[in-house]
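Please look over the sequence and the structure below before reading on. The paragraphs that follow go through them step by step.

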Amino acid sequence: MYGTFAQHVQGQLDEIAEAGLTKRERAIVGPQSTEVMADGARVLNFCANNYLGLADDPRLLAAAHAALDEWGYGLASVRFICGTQELHLELERRVSTFLGTDATILFSSCFDANGGVFEALFSAEDAIISDALNHASLIDGIRLCKARRLRYANRDMADLEAQLVAAADARFRIIVTDGVFSMDGYFAPLDEICDLAEAHDALVLVDDSHAVGFVGEHGRGTPERFGVADRVDLYTGTFGKALGGASGGYVSGRAEIVELLRQRARPYLFSNTIAPPIVAGTLAALDIVEGAGSERAHLKDNAALFRRLMTEAGFELLEGEHPIVPVMFGDARVTAEIAAHMQSHGVYVTAFSFPVVPRGAARIRVQLSAVHTPGEIAACVDAFVAARAAVQPAA
Ligand SMILES: *Cc1c(COP(=O)(O)O)cnc(C)c1O
């Protein structure tokens, strides 16, 4: 039996390779940082979600070490059997305080949070109205739920309104959006979305994974930036990006919703609790984020500096202010060659092309961190200039 199945699998791998879509992983030796050893070479890292530079921050490491000694390595249990420590309850309270919500429930990842939230709360009489560019975990979570599914074009408020009208007969309607769209660095217009939700009697869920910890005056995310923190019904997010970069996710919102998720959300009920060192590291990350906030200011300055230098050097960027900065090249082959040239000259960036982004809109997505130095940012720009000269000599 296995022989034909092996051929079937190999055939798919060959198709992926022929389409030029094989993902190759470079092994990093040492911790995640702005400078890493990858495949034996030292490279400046401009493609991690390490927005606040906390992934190897000594304060998080110290908290995680201490928690390892005090609380142990792992719980060998899901939460409701014997996997809840005081530490987990403390992190849930801290996330609620930080976001200004009633209650929070932890998951092993934001993928799991999004995988569990819809099925537990909605059923066939309801409608879920989702932005077309939402994260894969939202798409999958929505598919696991029996509610009617409607989609609106990315950030298109006229289309959202049309879908709300189309779902007017549903028992409940919920609008679902990423706070920040990861391929473009664009914000969801949450003020307009909340207005439409109110006008059409819908709930709002925001997955703020690419914003929590650094967007908004206090780093509380996209809802804070748009002044709608108290109008968003449900927040989901990750601890695996700005908030330390390890793992874990959450759903946060009203108390009764969170309580129902504790009873019903399958990835919560049937998957292990977050390991104690990670819980403690995330608490330390929240301490930093709620503290002086210099990391947030550095991140903002770094994104602005990179955008300015790249614009002066004649590159086309998608406009914005998020530390995700897409450098647009259009052609997939040119984009891949530029990224490869930069990597072999010490700057680690990643090219994205169809089907991850629209055809003809290939790009290198640069991600700034608070701990990049101005010198490192200038080196990244220089690497872009050199790669452009090597790959596109006519330009
Ligand atoms: C990264 C990301 C996730 C997945 O987070 P994990 O905690 O790594 O599972 C979910 N949603 C969005 C919008 C993301 O950007």
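Predicted model: local features only at pLDDT ≥ 70, side-chain atom pairs only at ≥ 80, totals over all residues.

Is Ala76 buried or exposed? With a relative accessible area of 73%, Ala76 is exposed, where buried means under 20% relative accessible area, exposed over 50% and partly exposed in between, computed with a 1.4 Å probe on protein chains only. This residue, Ala76, is found in the loop between helix H2 (58-71) and helix H3 (79-82), and its phi is positive, at about 50°, although Ala76 is not a glycine. Helices (H or I, at least four residues) and strands (E, at least two) are DSSP runs, numbered from the N terminus.

Residues are numbered from 1 along each chain as its sequence is written, and side-chain values use heavy atoms, with hydrogens and water left out.

Asp201 also has a positive phi, near 60°, and is a residue other than glycine. Most residues other than glycine have a negative phi, and most peptide bonds are trans. Asp201 is found in the loop between H8 and E10, and counts as exposed because its relative accessibility is 61%. A peptide bond deserves a look as well: the one from Phe354 to Pro355 is cis, with omega near 10°, and Pro355 lies in the loop between E16 and E17.

The next topic is the sheet. Seven strands form an open sheet in the order E4-E12-E11-E10-E7-E5-E6, with mixed pairing, and two strands are said to pair if DSSP finds at least two bridges between them. At the edges are strand E4 (103-107) and strand E6 (148-152), each of which pairs on one side only. From one strand to the next the twist averages 20°. Within this sheet, strand E10 (residues 203-207) and strand E11 (residues 234-238) pair in the parallel sense over three bridges, and Val206 has Tyr235 in E11 as its bridge partner. Helix H10 (residues 255-264) packs on the sheet, touching E4, E11 and strand E12 (249-253), and its direction makes about 30° with that of E4. Contact here means heavy atoms within 4.5 Å, and axes are lines fitted to C-alpha atoms, for helices over the stretch in contact, with angles running from 0 to 180 degrees between N-to-C directions.

How many residues of strand E17 (residues 362-367) are buried? Six of its six residues are buried, and the strand is mostly covered. In a regular strand the side chains alternate between the two faces of the sheet. In E17, Ala362, Ile364 and Val366 point one way, whereas Arg363, Arg365 and Gln367 point the other way, and all are buried. Strand E14 (residues 324-330) pairs with E17 in the antiparallel sense over six bridges, with Gly330 standing opposite Ala362. Strand E16 (residues 350-352) also pairs with E17 in the antiparallel sense, over three bridges, and there Thr350 stands opposite Arg365.

Two packed helices are described by the angle between their axes and the distance between the axes. Helix H13 (residues 294-312) and helix H15 (residues 374-391) pack at an angle of about 30°, with their axes 10 Å apart. That angle makes H13 roughly parallel to H15, since angles under 35 degrees count as roughly parallel, over 145 as roughly antiparallel, 65 to 115 as roughly perpendicular and the rest as oblique. The residues in contact include Leu305 and Phe306 of H13 and Ile377 and Val381 of H15. The axes of helix H7 (residues 157-166) and helix H8 (residues 190-199) come within 11 Å and cross at roughly 20°, which makes H7 roughly parallel to H8. Their contact is made by Met157, Leu160, Glu161 and Leu164 of H7 and Glu192, Ile193 and Leu196 of H8.

Finally, Tyr186 lies in strand E9 (residues 186-187) and counts as partly exposed, at 22% relative accessibility. Not counting residues up to four places away in sequence, Tyr186 touches Arg155, Gly179, Val180, Phe181, Leu318 and Glu319.
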